[in-house]
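Please view the sequence and the model below, and then follow the points topic by topic.

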Amino acid sequence: MSPLKPTNGVKRSASSTASPAPGKINEKRQKREEANVLTTPAAAAAVAASQDFGAHTSTHVSYAVDFLKAKRTPKSLQEILSHLTLHSLPKEQQIQFAYYLQKHSRIQFKQAKPKGDEPPWRTGTYEFRAKLPGVNTKETLLEYLQKKPDAACTSIKDIKDGWPDFEPAVDQLEREHRILVQRTKKDNQPKNVWLDDPSLHHAIDPQFQSMWFREKLPSADDMPRLLNQLGQKATSVPTNNANRNLKAAPKKKKARQSNKRLENEHMRGLLEQFEKR
């Protein structure tokens, strides 16, 4: 009996019973493994480093800035390279990477003396440079606001850049009337801050407040009339009402000037008489 012809009479094709080729199994397995790779900054930087360092330099520097911002502490070049899995780069590329970090506007580099045979380019520490350097406590925030040369507001975004957990301190300073806080109407989140003076704050009797807000102000249309009854003049009323009734003098029409060129001198008199009509 043929292995392709069962006893029930139904025919099967050879392709339906054959097992898949080993090459297809390996291809599917490789796709599953690639899909399971974690998309973290370190993993993405490792992929970039495995291709071409020169083409992905800005990517490495950006991940280094994010790493320093998250740690909030000074890090050495070796710690940054290890986090980004770039420690196996050639010496020339590591020197180039250190140069870009030292020149970055959001990174503060502190030079240190080499220890032993350590090359100078591997020394020093790198730290994230916030938009408001050193503002990370209540005291430093008040000190920064006091030293401002103008009365412009300070954005909460700039404070948060170097002080992520600022909200409890800002709320406390607002309750103590040491800062003024502008909040959003939608979710009551802080937006801008100014320096405040607690000595200028005076408590108002709640009963007086309720009496004050019970008084209704006249509408904008009735305000000029009521002020006129009291002998006062509203700023919205024109200063001279008589000028509104004056009509502008009619403009005089200018006489037309003829620029015609006379070609027939014997008809000059007839043309002059026609223009006078």
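Which residue in strand 6 does Val 181 stand opposite? The residue opposite Val 181 is Val 193. The model in which this pair is found is a predicted one. The protein has 277 residues, and its secondary structure comprises 13 helices and six strands.

**Overall composition**

- Of the residues of the protein, 19% count as buried.
- Among contacts with a separation of 6 or more, 48% are accounted for by residues 24 or more positions apart.

- Three strands make up an open sheet with antiparallel pairing, and their order is 4-6-5.
- Strand 4 (154-155) and strand 5 (179-183) are at the edges; each has a single partner strand, so one side of each lacks a neighbour in the sheet.
- Five bridges connect strand 5 with strand 6 (residues 190-195), and the two pair in the antiparallel sense.
- Helix 7 (residues 138-146) lies across strand 4, strand 5 and strand 6, and the helix runs at about 65° to strand 6.

**Strands 1, 2 and 3**

- Strand 1 and strand 3 run antiparallel and are joined by two bridges. Lys 75 has Tyr 126, in strand 3, as its bridge partner.
- Strand 2 (residues 107-110) also pairs with strand 3 in the antiparallel sense, over four bridges. Here Lys 110 stands opposite Thr 125 of strand 3.
- In a regular strand, side chains alternate between the two faces of the sheet.
- Strand 3 (residues 125-128) has a covered face with Tyr 126 and Phe 128, while Thr 125 and Glu 127 belong to its uncovered face.

**Salt bridges**

- Side chains of opposite charge can pair when their charged atoms come close. The structure holds nine salt bridges.
- One of them links Asp 161 with Lys 69, with 3.5 Å between the closest N and O atoms. Asp 161 belongs to helix 8 (residues 156-162) and Lys 69 to helix 4, so the pair ties together parts that lie 92 residues apart in sequence.
- With a relative accessibility of 8%, Asp 161 counts as buried because the cut-off for this class is under 20%.
- Another salt bridge joins Lys 147 to Glu 143, the closest N and O atoms being 3.1 Å apart. Lys 147 counts as exposed at 62% relative accessibility, whereas Glu 143 counts as partly exposed at 39%.
- Lys 148 and Asp 150 also form a salt bridge, in which the closest N and O atoms are 3.6 Å apart. Asp 150 has a relative accessible area of 45% and is partly exposed.
- Through salt bridges with shared partners, Lys 69, Arg 106 and Asp 161 are joined into one network.

**Nonpolar surface patch**

- A nonpolar patch on the surface is formed by Ile 204, Phe 208, Trp 212 and Phe 213, which together have about 520 Å² of accessible area.
- Trp 212, a member of this patch, is found in helix 10 (residues 206-214).
- Trp 212 counts as exposed because its relative accessibility is 56% and the class begins over 50%.

**Residues with positive phi**

- Arg 72 is not a glycine, yet it has a positive phi of about 60°. This residue is placed in the loop between helix 4 (57-71) and strand 1 (75-76), and it is partly exposed with a relative accessible area of 29%.
- His 177 likewise is a residue other than glycine with a positive phi, in this case near 60°. The loop that holds His 177 lies between helix 9 (167-175) and strand 5. At 26% relative accessibility, His 177 counts as partly exposed.

Technical notes
Residues numbered from 1 in each chain as written. Predicted model: local features only at pLDDT ≥ 70, side-chain atom pairs only at ≥ 80, totals over all residues. Heavy atoms only, no water. Patch = residues over 30% accessible without salt bridge, like charges linked within 9 Å, V, L, I, M, F, W, Y side chains within 5 Å. Areas by Shrake-Rupley, 256 points an atom, 1.4 Å probe, with all protein chains shown as cover. Salt bridge = Lys/Arg side-chain N within 4 Å of Asp/Glu carboxyl O. Buried < 20%, exposed > 50% of the residue type's maximum accessible area, 1.4 Å probe, protein only. Pairing = 2+ DSSP bridges. Contact = heavy atoms within 4.5 Å. Axes fitted to C-alpha atoms, helices over the stretch in contact; angles between N-to-C directions.
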